Amino acid sequence: MSTTSTVDRAFEAALYADTDAALDTGASLLAADPEADAELARRGREFVAGAWRRGWQPADVVRFTRRELEDEHVRLLARLVVEEHQDARAGARPQPPGPRWSAQLDEIREVAAHPTRADRFSHATVALELYRLLLRLPTLEPLDRPREAGAAKNSPHPESRMLSRIRALLAKAEATGFPEEAEALSAKAQELMARHSIDEALIAARAHSKDAPGACRIGVDPPYETAKAVLLDAVARANRCEAVWNEAFGFSTVVGFEADLEAVELLHTSLLVQATTAMTKAEAAQRRGGRKRTKTFRQSFLAAYAHRIGDRLAAVAEAQVAEARAAEAEAGSTGARGAGAPEPDLLPVLAARDVAVHDEFSRMFPDTVTTRVRGVSDLAGWQQGAEAADRAQVRARPRLPS
């Protein structure tokens, strides 16, 4: 019997019949034929390539597999992703653009490096379970779209000095044991992000750049997904982006210009760490007082934190726009702009970018619904979550030297 025939029979038995008996039959066929291993792996790489064609990215598939299956499935998937990428490069097939895709591959290579030890039947079972999942992945909204001629390329670039400073501030915020200091550092990071966004917008306007908004997906993992999605939405809005949550697949898609997307990814990840730290401390204090209702406290705490921190981040961003507008007006009144082409006005530039982001969001997601925050029923959790966000000293501060 040919190896192709063995794999075909195994797939016919296991992939299209969702029963344990069918799975065992397929795994037994594969385990009995060592020569089928190469063909089994090749088919797996084809399933991975099919996921890319349906709009999935490496991190999306790994995240969903981790959510639905086990660690051994994730390790096998990681190896297939790495091998498929190598096949694509060797065959000169088109490669997905962008540094974000490359960064995802780097993380997946680390997962793929972990050794696996399983007998042939177990390995075949894991492969068939994974292929079942890959085969049934639906089509997602593609994140990469052709850009106009002259548009800025979404290619790897060194991290800007501003983003390095923002990353350092957030690292300090996560490391400190004092919530007030953590939140003040986060507020300063948001201030720098807003300033960075303004600078990027003005630079693009001066250069008459045809760059367009893009999109990225950010994982929203259990537990308390609704509150985490609300937090991400708040961070996105404060950074001139729009977000939509896909609850079924455990991620939100954020639409915006690249500099703003980077800011959202950095700040959301850091705020999740900080919110969890603050929640754990508040919960410990509640337990010392004899309280036992943990789940409702946590859900309410995170929901309040997300709601309040969103307001305060937005205030910081608005303050930076006002500061930049005042500096612009002062430069205009004193003639400090100098000779040559006139400088673009800030407010029309930002308004045009907001319209571009909204148009791209509407194109990608013409039909969205509003989700209500569920499970917010604990008054103490809500109050302490709001207080944790309120401790951030979010106010306009003098700009740090560049």
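A residue counts as buried when its relative accessible area is under 20% and as exposed when that area is over 50%, with partly exposed in between. The model discussed here is predicted.

**Helix α10 and its flanks**

In helix α10, the buried residues are Thr 226, Ala 227, Lys 228, Ala 229, Leu 231, Leu 232, Ala 234, Val 235, Ala 236 and Ala 238. The helix is thus mostly covered, with 10 of its 14 residues buried. Helix α10 spans residues 225-238 and reaches 20 Å from its first C-alpha to its last, close to the 20 Å expected at 1.5 Å a residue.

The loop between β1 (214-219) and α10 contains Pro 223, and a cis peptide bond, with omega about 0°, joins Pro 222 and Pro 223. Tyr 224 lies in the loop between β1 and α10 as well. Just after α10 comes Arg 240, in the loop between α10 and β2 (242-246). Neither of the two residues tabulated below is a glycine.

| Residue | Phi | Relative accessibility | Class |
|---|---|---|---|
| Tyr 224 | near 60° | 11% | buried |
| Arg 240 | about 60° | 25% | partly exposed |

Tyr 224 has a relative accessible area of 11% and is therefore buried, whereas Arg 240, at 25%, counts as partly exposed.

**Contact of α3 with α5**

Two packed helices are described by the angle between their axes and the distance between the axes. For helix α3 (residues 37-53) and helix α5 (residues 71-90), the axes come within 9 Å and cross at roughly 80°. Because of this angle, α3 is roughly perpendicular to α5. On the α3 side, the contact is made by Ala 41, Gly 44, Arg 45, Val 48, Ala 49 and Trp 52. Their counterparts in α5 are Leu 77, Leu 80, Val 81, Glu 83, Glu 84 and Asp 87. The residues of this contact divide into 7 nonpolar, 1 polar and 4 charged.

**Surroundings of Ile 166**

Ile 166 is placed in helix α8 (residues 161-175). Its relative accessibility is 0%, so Ile 166 counts as buried. Leaving aside residues up to four places away in sequence, Ile 166 touches Ala 189, Leu 192, Met 193 and Leu 266.

Terms used:
Residues numbered from 1 in each chain as written. Predicted model: local features only at pLDDT ≥ 70, side-chain atom pairs only at ≥ 80, totals over all residues. Heavy atoms only, no water. Axes fitted to C-alpha atoms, helices over the stretch in contact; angles between N-to-C directions. Helix = DSSP H or I, 4+ residues; strand = E, 2+ residues; numbered from the N terminus. Parallel < 35°, antiparallel > 145°, perpendicular 65-115°, else oblique. Contact = heavy atoms within 4.5 Å. Nonpolar A, V, L, I, M, F, W, Y, C, P; charged D, E, K, R; others polar. Expected span 1.5 Å × (residues − 1). Buried < 20%, exposed > 50% of the residue type's maximum accessible area, 1.4 Å probe, protein only.
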